[in-house]
Amino acid sequence: MIVIVSRNCIRPDRRQAFLEVTAPLVEQSRAEEGCLSYDLVADPADPNVFAFVERWRDQQALDAHNRSGHFQTIVPQMKALRQPAGSQTTIYRSL
């Protein structure tokens, strides 16, 4: 299993736009073959910090996700709303 935690620090004036852009990403990703879970969570201490917490069956499922049309379309839009400082993605693999 592969677990991804992608932290996104959003510009305060773009918070609502980020939520609107990412809603279809969450919905469509959850429907993908090999997606075990895909959630967007909010930092309770900072309303402009979000994290995607994803669980994928294997590398093949994750690769297919990264090639998907919705990922290729939505992620660049999402990145345009982020602040570069503090945003990062970490990938974990089960032992």
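Visitor: Which residue is the bridge partner of Ile2 in S3?
Guide: The structure is a predicted model, in which local features need pLDDT of at least 70 and side-chain atom pairs count only at pLDDT 80 or more, whereas totals for chains, interfaces and linings use all residues. Residues are numbered from 1 along each chain as its sequence is written, and side-chain values use heavy atoms, with hydrogens and water left out. Strands (E, at least two residues) and helices (H or I, at least four) are DSSP runs numbered from the N terminus, and on that basis the residue in S3 that partners Ile2 is Trp56.

Visitor: How many bridges does strand S1 form with S3?
Guide: Two strands are said to pair if DSSP finds at least two bridges between them. S1 covers residues 2-9 and pairs with S3 in the antiparallel sense, and Val3 stands opposite Arg55 of S3. The number of bridges between S1 and S3 is eight.

Visitor: How many bridges join S2 to S3?
Guide: S2 and S3 form a hairpin, with six residues between them. The two strands run antiparallel, and Ala42 stands opposite Phe50 in S3. The bridges that join S2 to S3 number seven.

Visitor: Which are the edge strands of the sheet?
Guide: The sheet is open, has four strands in the order S2-S3-S1-S4, and is paired in the antiparallel sense. An edge strand pairs on one side only, and this holds for S2 and for strand S4 (88-93). The edge strands are therefore S2 and S4.

Visitor: What angle does the direction of H1 make with that of S2?
Guide: Axes are lines fitted to C-alpha atoms, for helices over the stretch in contact, and angles run from 0 to 180 degrees between N-to-C directions; the twist of the sheet from one strand to the next averages 10°. H1 packs on this sheet and touches S1, S2 and S3, where contact means heavy atoms within 4.5 Å. The direction of H1 makes with that of S2 an angle of about 165°.

Visitor: Is Ser37 buried or exposed?
Guide: Ser37 is found in strand S2 and, not counting residues up to four places away in sequence, touches Val53, Glu54 and Arg55. Buried means under 20% relative accessible area, exposed over 50%, and partly exposed in between, computed with a 1.4 Å probe on protein chains only. Because its relative accessibility is 19%, Ser37 counts as buried.

Visitor: What is the relative accessible area of Glu32?
Guide: Glu32 has its place in the loop between H1 and S2. Leaving aside neighbours within four places in sequence, Glu32 is in contact with Trp56, Ala64, His65, Ser68 and His70. Glu32 is classed as buried, its relative accessible area being 15%.

Visitor: How far apart in sequence are the parts tied together by the pair Glu33 and Arg57?
Guide: The side chains of Glu33 and Arg57 meet in a salt bridge of 3.1 Å, N to O, a term that requires a side-chain nitrogen of Lys or Arg within 4 Å of a carboxyl oxygen of Asp or Glu. Glu33 lies in the loop between helix H1 (15-30) and strand S2 (35-42), and Arg57 in the loop between strand S3 (49-56) and helix H2 (59-67), so the parts that the pair ties together are separated in sequence by 24 residues.

Visitor: How many salt bridges does a search of the whole structure find?
Guide: One of them links Arg30 to Asp39, with the closest N and O atoms 2.8 Å apart; Arg30 is partly exposed at 47% relative accessibility, and Asp39 is partly exposed with a relative accessible area of 31%. Another joins the side chains of Arg11 and Asp13 at 3.9 Å, N to O. Over the whole structure, the number of salt bridges found is four.

Visitor: Which element supplies the largest share of the lining of the largest pocket?
Guide: A pocket is an open set of points on a 1 Å grid over the protein atoms alone, where a 1.4 Å probe fits, with protein on both sides within 12 Å along at least five of seven lines, and lining residues have an atom within 4 Å of a point. The largest pocket is lined by 18 residues, of which Ser6, Glu54, Asn66, Phe71 and Thr89 lie nearest its centre. S1, S3, H2, helix H3 (69-79) and S4 each supply at least two residues of this lining, and the largest share, five residues, comes from H2.
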